[in-house]
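Reader: I would like to learn how to read this model. Please take me through it step by step.

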Amino acid sequence: MNPFASGVDGEWANACLTKPLANSARLCYMCICHGDTQLCKRGSVARIAKAGPAGRWEPEVSVTVVLPTYNERENLATLVTAVLAELPDARVLVVDDNSPDGTGQLADSLARTDPPHVSVLHRPKKEGLGAAYVAGYLRALREWPDTEFLIQMDADFSHDPGYLRPMVEAMQDADVVVGSRYVNGISIVNWPLHRLIVSKLGTAYARLLTGLPITDCTSGFKCYRAEVLQAIDLGSIRSNGYVFQVETSFRAWRKGYRLNDLPIIFHERRAGESKLHLNIALEALWVVMRLGVARALERKPEVTREQSVPTAQAPEDPASSSP
Ligand SMILES: Nc1nc2c(ncn2[C@@H]2O[C@H](COP(=O)(O)OP(=O)(O)O)[C@@H](O)[C@H]2O)c(=O)[nH]1
Ligand SMILES: [Mg+2]
């Protein structure tokens with residue numbers, strides 16, 4: 001009898017995790033299993049992933065992590081290492097806008113050291129974050145058509161790599177997972193008050209006008225199913241600052257894709273300076289208004305699919321364990 005196949009869902013998963021792993025043990029998204037398929041904690045049939053050398057869970061899905069960089073030399077190498085420690089099979093695509101501090105050259109040397117896992121997209125000049133994401137996503141979709149999930153995160157450790165696995169797990173029930181700072185109050189460490197106010201008001205404004213069923217509309221820590229990015233006509237997106245996140249989520253939601261929050265704790269960047277300035281809040285004002293008008297005129301999503309699903313369970317803050 002399978003020693004792990006006892007107990008009710010949930011308890012069973014926790015019990016599994018306390019047992020030592022045999023070599024033959026395999027891990028599914030939520031539980032440790034011995035068979036090829038098992039009921040996971042959420043009651044759906046889990047997809048089995050292979051166990052890593054030390055019994056670590058490794059997602060079977062193909063994941064690309066897009067890192068936009070502008071002057072992130074102090075953060076990049078440690079971040080890439082931390083990302084690949086969490087998702088050893090992932091590809092990391094650094095999108096650098098010719099950073100004056102040499103981030104692009106550093107990214108090249110990381111790519112030379114680990115060519116299957118690290119790639120660099122060099123752009124000739126700084127054109128903004130939205131444009132960098134679009135270029136990165138289009139490159140990833142074109143070059144790696146096997147990519148199933150595309151994750152974006154800041155390259156300054158504001159988005160803790162420790163959330164990458166919970167984020168991939170949360171994709172079981174969603175097509176877009178958004179790392180949210182606002183699920184249980186405000187989970188932001190070391191931000192100046194004015195940034196907090198702008199961010200919180202911006203999200204409230206975006207939710208009000210667009211109706212987006214997520215608690216953090218401007219978060220830059222997100223995971224998309226590749227199909228979503230193919231469906232939302234990335235090339236036609238012009239917004240470039242925080243509102244880029246609102247527009248991509250809005251387009252996905254209006255097409256009927258499922259959006260889900262993943263609670264995160266956001267930390268102020270470890271090193272370097274923010275490149276985004278308050279004037280991008282002005283861009284957000286009118287773009288959100290435009291989306292609100294589009295919603296009022298459209299009324300219904302273009303495709304009928306299951307809409308927003310309940311918020312994913314809050315994972316523990318991995319900040320303490322990550323570098
Ligand atoms: N490629 C590219 N990356 C950018 C640009 N502006 C910001 N970034 C990167 O986008 C991420 C978020 O920017 P950041 O300055 O940290 O914004 P903040 O977190 O809102 O203060 C960081 O990894 C930056 O290096 C840009 O114009 N081009
Ligand atoms: Mg930042």
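Reader: How many helices and strands are there in the protein?

Author: Start with the ground rules. This is a predicted model, where local features need pLDDT of at least 70, side-chain atom pairs count only at pLDDT 80 or more, and totals for chains, interfaces and linings use all residues. Residues are numbered from 1 along each chain as its sequence is written, while chains are lettered from A and ligands numbered from 1 in the order in which they are written. Helices (H or I, at least four residues) and strands (E, at least two) are DSSP runs, numbered from the N terminus. The protein has nine helices and 12 strands.

Reader: In what order do the seven strands of the open sheet lie?

Author: First, the general idea. Strands of a sheet pair through backbone hydrogen bonds, in parallel or antiparallel fashion. Here two strands pair if DSSP finds at least two bridges between them. The order is β6-β5-β4-β7-β10-β8-β11, with mixed pairing. β6 (118-122) and β11 (259-263) stand at the edges with a single partner strand each, so one side of each has no neighbour in the sheet. Neighbouring strands are turned by 20° against each other on average, direction ignored. Such angles use axes, which are lines fitted to C-alpha atoms, for helices over the stretch in contact; angles run from 0 to 180 degrees between N-to-C directions.

Reader: Which strands pair in the parallel sense, and which in the antiparallel sense?

Author: Take β4 (residues 63-69) and β5 (residues 91-96): they are parallel, over six bridges. There P68 stands opposite V95. β4 is also parallel to β7, over four bridges, and V66 faces Q152 in that pair. β7 and β10 (residues 222-225) are antiparallel, again over four bridges. F149 is opposite R225 there. β8 and β10 are antiparallel over three bridges, with V178 opposite K222. Five bridges join β8 to β11 in the parallel sense; S180 has P263 as its bridge partner.

Reader: Which helix lies across β4, β5 and β6?

Author: That is α2 (residues 73-86), running at about 155° to β5.

Reader: Are the residues of strand β8 buried or exposed?

Author: Count neighbours. A residue is buried if 20 or more other C-beta atoms lie within 10 Å of its own, exposed if 12 or fewer, and partly exposed in between, with C-beta atoms placed from the backbone. Five of the five residues of β8 (residues 176-180) are buried, so this strand is largely enclosed by the rest of the structure. V176, V178 and S180 point one way, V177 and G179 the other. β7 (residues 149-152) is covered on both faces: F149 and I151 are buried on one side, L150 and Q152 on the other. Of the 323 residues of the protein, 45% count as buried.

Reader: Which residues touch the most other members of the largest nonpolar core?

Author: In soluble globular proteins, nonpolar side chains tend to be buried together. A nonpolar core is a set of buried Ala, Val, Leu, Ile, Met, Phe, Trp, Tyr and Cys residues joined through C-beta atoms within 7 Å. Of the 71 residues in the largest one, V66, V92 and I151 touch the most other members.

Reader: Which residues come nearest to ligand 1?

Author: Being near means having a C-beta atom, placed from the backbone, within 6 Å of the molecule. Of the 20 residues around ligand 1, P68, A132, A155, S274 and K275 come nearest. β4, β5 and α4 (129-143) are the elements that give two or more residues to this shell.

Key:
Two residues are in contact if their C-beta atoms, placed from the backbone, lie within 7 Å.
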